[in-house]
Every structure is written in C-alpha cells, then in structure tokens.
Amino acid sequence: MFGEIMNTNESGKKPHSAEYFGEERDYWWNQDFLELMGSRLCLKEAKSILDVGCGIGHWGQVLTPYFAKDAQLVGIDREQEWIEKASERASRLGLGERYRYQLGDATKIPFEADTFDLVTCQTLLIHLKDPVVGLKEMLRVLKPGGRVLFAEPNNFARLTVASNLSKELPVDQVVERLKFDLIVQRGKEALGLGFNSIGDFVPGYLNELGLRDIAVYLSDKAVPLFPPYVSKEQQASVNLLKDWVARGFVGWDRDELFSYFTAGGGRRE
Ligand SMILES: C[S@@+](CC[C@H](N)C(=O)[O-])C[C@H]1O[C@@H](n2cnc3c(N)ncnc32)[C@H](O)[C@@H]1O
C-alpha cells in the first residue's frame, strides 16, 4: 500500500501528507457517527460539494453514503499526484461519474463565488499558514444558505491520551515527550506550515467571519489496539506502526522534525 503511493514529485520530495494516506485512513470514523452527522447537518440536501485539500479523496468518499445519490463532488488539491490517485479511487468505487478532482489551492480556490451547496475539508486547515484565508475562500465559493463542514483535529490532545499508555515510564520522561511534541507543533506553525491542533479554534474563526449557526461535535472514534490485532482495522494500524518503526519514522521524517523542533525553540543538542 505504501509502496504504491509514496512516489516523489519533481522536486524529489514526496507529495504532501504521503505518509498518511495508507489503509488505516479508511477507519478514521465510526459509520454510525457519520450517519448521525449526515442527518444533523442535512448533508443529503447538498447537490454540489467541494472537498478542499482532498488528498486521494478519502474524506468526500467516506461521506458518500450520507450524500444525495445524485450529488456532484469536486475535490481540489495542490498535488498533481493526489488528483490522479483520487480520480482512480473514485472510479474504483463507482463514483467516477459524479466525483471529479482537479488541481487547486485552498487559499485561491479556482471557482466563482456562490458555486457550492456544501464546502468541506478534513485535516487541511492544520496545514495552512493562514487558515482564515482558506476559510474565507471556502465561504466565498459557498452558495448563500449553504453549509460548511470542517473535520480538523487537536493533535496535541491525542498525544496526551497516547502518553497515558506509557504509564510505566518516569513522569519526567512523559512530560519531556509532551514538551518535545509541543515544541515541534509550535515550530511547524512558526515556519508557516500550519497549526496541528487547530480544531479547537475553527468555531471561533467562523464566528469572527460572520457565521451564526455554528455547531461543534467531537468524533466518538477510538482506536482500539489490543492483541491479537485480528480486525482489519487493527491490522491496518499495526502494519502502519511496524512500517514506521522499521524506518525510524515518527510521524515526520528526521529533517522535517529537526527543522520544526529548532523553529519552535528547541536546542540542537
Ligand atoms: C492531511 S492531507 C488531508 C487529505 C484529505 N482531506 C483527507 O482527509 O484524506 C492534507 C492535504 O492538503 C493538501 N494541501 C495542503 N495545502 C494545500 C493548499 N494550500 N491547497 C490545496 N491543498 C493543500 C495536501 O496536498 C494534502 O493532500
């Protein structure tokens, strides 16, 4: 799976988020939670949908059962390779007629104002230097009375939960690890590469931009990982972790991590 998608682009670098588009991404949500969201947010009313920063299409595709059967979706991403992969995936899923993908920048969306009934993104705002610019663009292309739907994380909160599983480690070591992650997160933001825990801020930004009917929900997804790891979901997670461990990869590659850490005020030594 990873071998299939981890090509490098013209600059010799892997396309954005290449390490995160494996099989485990299919298990990010509980289906019944999405169904509930679909009905709460009246997703079936949308006939035209924009998925911003679509990657290889997971988000729009995972929401498909909750969209109207005749809804048309456009996905945009700034990576050509992802556009191709997203189109291939949509065809494989029988969505090729209704879902199309094209190059596009979230901060300069290549559509006219008032085009879409629903504008959505997942883990895109965490990568924007100025997320408000992206949000304004998404609101610009939204039809009056349309809806926006953002699925954005607080990744630091997730790390504090993970640290609970290291309870045999000395407290100082756990705190050091969290401190390290905070420095890295702040460094990434300082370099203009986005804030990885932006989720909590999005409702406030929307309020400042004049939206009034704002609702916030927390995904009820937990990631179960316990022996003998037999479910497809657990196998996908275990395979990802094994691959990362084998390559000494920790969510970022070493150079990236070092640049974020030092930009966040971490010392070289
Ligand atoms: C973490 S991935 C999320 C992909 C997809 N939304 C999903 O959840 O599967 C972030 C995606 O945003 C894209 N991206 C980052 N900055 C962008 C920008 N300014 N305009 C368009 N796409 C962008 C990246 O290329 C990458 O595919």
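What follows is a short tour of some salt bridges and the ligand's surroundings.

First, the ground rules. This is a predicted model, where local features need pLDDT of at least 70, side-chain atom pairs count only at pLDDT 80 or more, and totals for chains, interfaces and linings use all residues. Residues are numbered from 1 along each chain as its sequence is written, and side-chain values use heavy atoms, with hydrogens and water left out.

How many salt bridges does a search of the whole structure find? It turns up ten, where a salt bridge is a side-chain nitrogen of Lys or Arg within 4 Å of a carboxyl oxygen of Asp or Glu. Take Glu 19 and Arg 247, whose side chains pair up at 2.8 Å, N to O. Glu 19 sits in the loop between helix H1 (2-5) and helix H2 (31-40), while Arg 247 belongs to helix H9 (residues 232-247), so this pair ties together parts 228 residues apart in sequence. (Helices are DSSP runs of H or I, at least four residues, numbered from the N terminus.) Glu 19 is buried, at 7% relative accessible area, whereas Arg 247 is partly exposed at 36%. Here buried means under 20% relative accessible area, exposed over 50%, and partly exposed in between, with a 1.4 Å probe and protein chains only.

Arg 247 has another partner: its side chain also forms a salt bridge with Asp 243 (2.8 Å, N to O). Those two are four residues apart in helix H9, about one helical turn, and Asp 243 is partly exposed at 22%. Through shared partners, salt bridges link Lys 14, Glu 19, Asp 243 and Arg 247 into one network.

Elsewhere, Arg 140 and Glu 137 make a salt bridge at 2.8 Å, N to O. Both are in helix H5 (residues 131-140), three residues apart, or about one turn of the helix. Arg 140 is partly exposed at 30%, but Glu 137 is buried at 12%.

Now the ligand. It is surrounded by 20 residues, the closest being Arg 25, Gly 53, Asp 77, Ala 106 and Gln 122; to count, a residue needs a heavy atom within 4 Å of the ligand. On its own the ligand has 590 Å² of accessible area, and the protein covers 97% of that.

Conventions:
Accessible areas come from the Shrake-Rupley method with a 1.4 Å probe; for residues, only the protein chains shown count as cover.
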